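Dear colleague,

Please find below the structure that I am handing over to you. My notes on it follow directly after.

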Protein chains: 2
Amino acid sequence: MGLKLYLAGPDVFLPNASEIGLRKQEICRTYGFEGLFPLNGDATVRGEALEIFHANCALMRQADAGVFNLTPFRSPSADAGTVFELGSMFCSQKPLYGYTSDPRDYRERVEAAFELTEQGSRPRDRNAYAIENFGWRDNLMIIGAIQEAGGTVAAVAEPDGETGTPSLSALAAFEACLRAIHNSVDRNRGEFPQP
Amino acid sequence: MGLKLYLAGPDVFLPNASEIGLRKQEICRTYGFEGLFPLNGDATVRGEALEIFHANCALMRQADAGVFNLTPFRSPSADAGTVFELGSMFCSQKPLYGYTSDPRDYRERVEAAFELTEQGSRPRDRNAYAIENFGWRDNLMIIGAIQEAGGTVAAVAEPDGETGTPSLSALAAFEACLRAIHNSVDRNRGEFPQP
């Protein structure tokens, strides 16, 4: 098996989470990687929150890099658990990659969900909270970390068949992301490029 | 000056962010700590996203512990930037503390924002995405990390005067959190207790 990728994302909340996990691990194999998918541990079955926490931390430590599903989850931003893991793997100085089925930038998503007002030079939402307006896909800590870790964010629009909202599994963007990682590792003689 | 606390939170998006930052630093001094507030750097003025990113990372490295405003932001969960920083400081093995002006647990907040359905043994939202149901205040990675780092989450209900929603600055919960940190450091001869 090749380099190990931790597959972070809100996929674990999907009704067909196991199926999506297996599918993503299969795509990883196609590109020469091993995918570590958080749902696979026994801890999820036992349902003990702290055990799941420790199992996910252990998988992150085993991984050579992180691949983060940044598709917005119950908000204009990525899933909170996924973002926690991004911060943690950034701090371990591992390569980080993102993907999303929602090609809009953060400001556009806030605009779609909340009324917008301009106050002074910064756009603000209906609560007068400032909106980050850098043309980035999410909060600057998320996108800044991926950039600094040498990665990129693959965005491929893919509406969910039933709801029409961006697909939470984001399989098309995942495959685009894996292809990009494969090509960059390939150019770098089998290792992740240094940022 | 005493131990340094990194004051993470969505406070930076408030219209009176600087004022709230100064107020929180004042409360830190009252309890014998130095508060590091992210807005204070020059980077925010220049508005360059990557500079803000690096300035926040530098402040986190300087800090002895992190104090996280987990009040929900544009979602049933904490602000994405705040959660990124929590993951990063967890990985640096620093003590972590949380506070919030919303005393509901995560499931209750999802229930208030989305329709709920039960499918099998797990509660699910209207998109059939599973809802974490551990009686915890947010995603298990967030609360698990704070527990493992020896900290707690202080929750004090404090509605915003104008909107009636939980106050984003959460000053009452912040003060309760600082009091708890002070008492625990005091009992531990001036140092943070080991988890």
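What order do the strands of the open sheet of chain A take, and with what pairing? The sheet has 5 strands in the order S2-S1-S3-S4-S7 (chain A), and the pairing is parallel. Strand S2 (34–36) and strand S7 (153–155) of chain A each have a single partner strand and stand at the edges, so one side of each lacks a neighbour in the sheet. On average, neighbouring strands of this sheet are turned by 25 degrees against each other, direction ignored.

The model is predicted; local features need pLDDT of at least 70 and side-chain atom pairs count only at pLDDT 80 or more, while totals for chains, interfaces and linings use all residues. Residues are numbered from 1 along each chain as its sequence is written, chains are lettered from A and ligands numbered from 1 in the order in which they are written, and side-chain values use heavy atoms, with hydrogens and water left out.

As to the terms used above, helices (H or I, at least four residues) and strands (E, at least two) are DSSP runs numbered from the N terminus. Two strands pair if DSSP finds at least two bridges between them.

Chain A in detail

Strand S1 (residues 4–8) of chain A is joined to S2(A) by 3 bridges, and the two run parallel. Within this pairing, Lys4(A) has Glu34(A) in S2(A) opposite. Helix H3 (residues 49–62) of chain A packs on the sheet and touches S1 and S2 of chain A (contact: heavy atoms within 4.5 Å). The direction of H3 makes about 145 degrees with that of S1(A); axes are lines fitted to C-alpha atoms, for helices over the stretch in contact, and angles run from 0 to 180 degrees between N-to-C directions. Helix H4 (residues 80–91) of chain A also packs on the sheet, touching S1, strand S3 (65–69) and strand S4 (96–100) of chain A, at about 160 degrees to the direction of S3(A).

Chain B in detail

Chain B has an open sheet of 5 strands, ordered S2-S1-S3-S4-S7 (chain B), with parallel pairing. In this sheet, the twist averages 25 degrees from one strand to the next. Strand S1 (residues 4–8) of chain B runs parallel to S2(B), with 3 bridges between them, and Lys4(B) has Glu34(B) as its bridge partner. Helix H4 (residues 80–91) of chain B lies across S1, strand S3 (65–69) and strand S4 (96–100) of chain B, at about 160 degrees to S3(B). Helix H6 (residues 140–148) of chain B packs on the sheet as well, touching S4 and S7 of chain B, and its direction makes about 130 degrees with that of S4(B).

The interface

Contacts link 55 residues of chain A with 55 residues of chain B. The buried area (accessible area, 1.4 Å probe, that two parts lose on being put together, summed over both) is about 4,300 Å², and carbon and sulfur atoms give 70% of it. In chain A, Arg74(A), Phe84(A) and Met141(A) lose the most area to chain B, together 20% of what that side buries.

Across this interface there are 2 salt bridges (a side-chain nitrogen of Lys or Arg within 4 Å of a carboxyl oxygen of Asp or Glu). Asp125(A) and Arg74(B) meet in a salt bridge through their side chains, at 2.9 Å, N to O.

Salt bridges overall

Over all chains, the whole structure holds 8 salt bridges. In one between Lys24(A) and Asp11(A), the closest N and O atoms are 2.4 Å apart. This pair links distant parts of the chain, 13 residues apart: Lys24(A) lies in helix H1 (residues 17–30) of chain A and Asp11(A) in the loop between S1 and H1 of chain A.

With kind regards
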